[in-house]
Amino acid sequence: MNEALAAWLEKLDNKILPVLQYSQDELTQLLRDENVPISRLAVIIEHDMGMALHLLRFINSISSKHLNSNINTVSHALMMLGLNQLRRLPQSLTTIESLNPSLQSLVRSFYSEAHHAAYQAGQWALIRKDYEPDEIYIAALLHNIGELMLWLFNTAEMSRLREMLQQDKMEKEQAEYVVLGFSIAEMTRELAKRWHLPELYCNSLYSENFDKPRVQGVMLAVQLARHSRRSWYSDDVGTIIEDVADYLYLDVDSTTALIHRFAAEAARRTPYIGSRPAVLNLLSEPPAAGTTTTPPPTTGQKSAQPGVGNKENASGSSFCLMTQLPLVQEALKYLAGNAGRLSVKEIITTTMHAMHDGLGLNRVVFALLTQHKTHLRPRSIVGVDNDPHFSKFSIALKSNNLFDRLMEKPQSLWLDDHNRNKFWKAVPTDFQRLIKVNRFYVMSVFVKGKPVGMFYVDRASNSCELDERCYKLFKQLVTQASVCLSKTTAKKNVSEG
């Protein structure tokens with residue numbers, strides 16, 4: 001963990017989000033009744049992102065010492081806490097109304113978007129007959145707590161980050177490196193661990209978990225709420241609705257009608273949040289045929305030391321992440337010095353962060369070979385901000401494509417201008433469309449002589465160059481990781497780890 005991230009985790013560890021004055025007053029009033037149903041209390045808390053977070057942090061700080069698993073829903077937390085302790089909750093929290101006007105507006109916007117995402121995810125869970133829809137609701141509600149925490153307690157740098165995104169049209173990940181020195185996504189994951197937040201919520205913060213249906217619902221709802229707050233008529237929203245239709249096993253028209261209805265219901269349930277709800281954007285005129293509306297950039301991505309290049313990428317950015325050799329050398333030394341003692345997870349995590357943070361590679365994927373050797377699927381991903389579209393890729397083998405050949409023996413490839421005519425046609429078409437670049441490194445991983453997967457990396461833009469030195473270091477890292485994996489465990493445990 002880099003120093004900037006570690007420092008901010010310490011600063012935020014004991015901070016709390018403000019709550020809505022309405023929630024505080026309503027909860028205080030209801031708690032005067034000894035026979036108040038828990039369901040009524042739960043509704044108030046579930047509509048308030050700050051109050052829900054505080055309750056779950058508090059109860060799990062207690063239960064983690066006595067139980068094997070965390071409390072995952074507001075209702076369960078209320079049953080565990082009891083009315084006497086709950087009565088102290090509203091008075092211990094600050095309200096949004098105590099903030100300055102600009103921060104008030106920002107926090108209300110976050111809370112409105114969070115509730116919209118949670119309501120959509122919860123309703124989809126009911127349609128799918130999920131065994132615990134409230135867990136999905138909470139995971140979506142809390143998804144962006146890291147970003148909001150930084151806005152509240154690091155306003156100056158977050159304002160600079162937003163300005164950089166708007167003016168330079170930078171990729172989120174690059175801008176976060178330049179301004180913060182770490183990614184908001186990583187900080188959120190670390191806070192979730194420290195605060196013992198629900199397991200489903202923690203899982204939904206990792207892109208590689210998109211293939212898990214419950215996580216998928218959370219990710220899609222969060223993306224929908226984010227983009228619909230700007231426009232319902234963008235290409236992004238259209239693609240998300242198509243994905244939701246597949247998720248619900250419905251046609252696109254029926255899914256669109258449901259999503260619009262749920263957006264209206266979410267707004268009607270929480271008028272007191274005091275921020276313009278996304279459903280009102282449906283009243284805007286859709287774009288003319290053949291045109292698109294692109295929402296402005298938002299914040300949230302991955303970690304390392306900032307580096308600046310002079311290439312302009314496809315999104316108009318003038319920044320490319322740069323190589324930080326000491327981080328790579330440190331990772332290689334660590335892997336070599338601890339071979340046989342590290343867990344599979346430690347080996348993969350160390351290798352991927354050396355590639356991402358040290359080599360300045362934007363997107364890093366470790367993909368595992370499935371049990372029957374028919375597909376390569378992501379086991380761990382760094383640098384895509386929980387993008388549900390990138391995260392769901394699956395490379396089919398047994399079709400003599402590039403990745404089939406990689407699984408034949410330990411080998412690597414740097415796809416670039418010199419060999420593209422030879423190899424590009426061997427890259428599956430679906431994968432070409434997914435990555436949207438035609439330059440990357442890839443290398444197979446063998447453990448005890450058998451293929452287990454591969455590392456794929458790129459710079460997320462054809463304008464940010466790959467080079468010979470970076471390729472050599474990439475191969476060194478994969479080779480060292482393979483050696484460590486072979487000394488640590490058998491192939492079966494690589495999949496489990």
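## An aromatic cluster to start with

Let's begin with a group of rings: Phe403, Phe431, Phe440 and Tyr456 come together as one aromatic cluster. Keep in mind that this is a predicted model.

Take two members of that group. The ring centres of phenylalanine 403 and phenylalanine 431 sit 5.3 Å apart with the planes at 80 degrees, so this pair counts as edge-to-face. Phenylalanine 403 belongs to helix H20 (residues 402-406) and phenylalanine 431 to helix H22 (residues 429-435), so the pair links parts that are 28 residues apart in sequence.

The model has 10 aromatic pairs in total. Another one to look up joins phenylalanine 366 and phenylalanine 455, with 4.9 Å from centre to centre and 40 degrees between the planes, a tilted arrangement. Here the partners come from strands: phenylalanine 366 is in E1 (residues 363-369) and phenylalanine 455 is in E6 (residues 450-458), so the pair ties together parts that are 89 residues apart in sequence. Phenylalanine 366 and phenylalanine 455 are both buried too.

## Charges over rings

Some rings have a charged partner over the face. Lysine 11 sits over tryptophan 8, 4.3 Å from the ring centre. Arginine 128 does likewise over tyrosine 247, at 4.1 Å from the ring centre.

## A buried arginine

Now look at arginine 439, in the loop between H22 and strand E5 (440-447). Why does arginine 439 count as buried? Its relative accessible area is 17%, and buried means under 20%.

In soluble globular proteins, nonpolar side chains tend to be buried together. The largest nonpolar core in this model has 101 residues, and Tyr111 and Trp124 have the most contacts inside it. Helix H7 (residues 101-127) supplies the largest share of this core, with 12 residues.

So who touches tyrosine 111, leaving aside its neighbours within four places in sequence? The list is Leu17, Pro18, Leu20, Asp48, Met49, Gly50, Ile96, Leu148 and Ile273.

Notes
Residues numbered from 1 in each chain as written. Predicted model: local features only at pLDDT ≥ 70, side-chain atom pairs only at ≥ 80, totals over all residues. Heavy atoms only, no water. Core = buried A, V, L, I, M, F, W, Y, C linked by side-chain atoms within 4.5 Å. Buried < 20%, exposed > 50% of the residue type's maximum accessible area, 1.4 Å probe, protein only. Helix = DSSP H or I, 4+ residues; strand = E, 2+ residues; numbered from the N terminus. Contact = heavy atoms within 4.5 Å. Phe/Tyr/Trp six-rings, centres within 6.5 Å; stacked < 30°, edge-to-face > 60°. Lys NZ or Arg CZ within 6 Å of the ring centre and 35° of its normal.
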